[in-house]
Amino acid sequence: MNETKPSNRKVRFAFGSAIAILLFMGVLSYRSMAASDESDRWVQHTRDVLDSLQKLSTGMERISSSIRRFVITGEDIDLEPYLAARADVERLEPVVRDATRDNPEQQRRLPILEKLFAERVQRAESIIGLRRDQGIEAAMTSVREGPTARVTAEHTSIV
């Protein structure tokens, strides 16, 4: 009977060690999965921010191209894409602000983007007024002598 006790202890010790190792591996696996989930959330968050910024950039470009079309045609129906793009950008600004709330550097840059949007809308409204009041030549001159793509690129590279 004395011989069975040490072997029982060895079996119990081996069994207990196996359970301890399994528990330890389970805890490590759980922590790894939790870290992976958190990483996936950050990747998705980054994609969402980039998607919103891309839509914002596209909206800004649509504002400019819609105004150029209106200058050429003078038809009010050609202002519909401008109004839709303007509404899209206005809707996206708070989305971008909220999505970047966790990044102080991006938050610091947002006023530059808002200023660029306000300038673009003000310029568009000015060109619309010129086209309606003074005709195609005055509006085209304003478009030709206005800010270049380089200035816009400088502003957007800051953001």
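A residue counts as buried when its relative accessible area is under 20%, as exposed when that area is over 50%, and as partly exposed in between (1.4 Å probe, protein chains only). Keep that in mind for helix H2 (residues 80-99), whose buried residues are Tyr-82, Ala-85, Val-89, Leu-92, Glu-93, Val-96 and Ala-99.

What you have on screen is a predicted model, in which local features need pLDDT of at least 70 and side-chain atom pairs count only at pLDDT 80 or more, while totals for chains, interfaces and linings use all residues. Residues are numbered from 1 along each chain as its sequence is written, and side-chain values use heavy atoms, with hydrogens and water left out.

Now for the overall picture. The protein has 5 helices and 0 strands, where helices (H or I, at least four residues) and strands (E, at least two) are DSSP runs numbered from the N terminus. Of its 159 residues, 23% are buried. If you take contacts (heavy atoms within 4.5 Å) with a separation of 6 or more, 68% of them join residues 24 or more positions apart.

Helix H1 (residues 4-73) holds Met-60, which is buried, with a relative accessible area of 5%. Met-60 touches Val-89, Leu-116, Phe-117 and Arg-120, leaving out residues up to four places away in sequence. Met-60 and Arg-120 are 60 residues apart along the chain, yet their C-alpha atoms are separated by 7.7 Å.

Next, look at how H3 (residues 104-134) meets H4 (residues 136-145): their axes come within 6 Å and cross at roughly 155°. Axes here are lines fitted to C-alpha atoms, for helices over the stretch in contact, and angles run from 0 to 180 degrees between N-to-C directions. H3 and H4 are therefore roughly antiparallel, a label for angles over 145 degrees. On the H3 side the contact uses Arg-123, Ile-127, Leu-130, Arg-131 and Gln-134, and on the H4 side Ile-136, Ala-138, Ala-139, Ser-142 and Val-143.

Ile-136 of H4 is partly exposed, with a relative accessible area of 31%. Apart from neighbours within four places in sequence, Ile-136 is in contact with Val-71, Ile-72 and Arg-131.

Notes: Angles under 35 degrees count as roughly parallel, over 145 as roughly antiparallel, 65 to 115 as roughly perpendicular and the rest as oblique. The expected span of a helix is 1.5 Å times one less than its number of residues.
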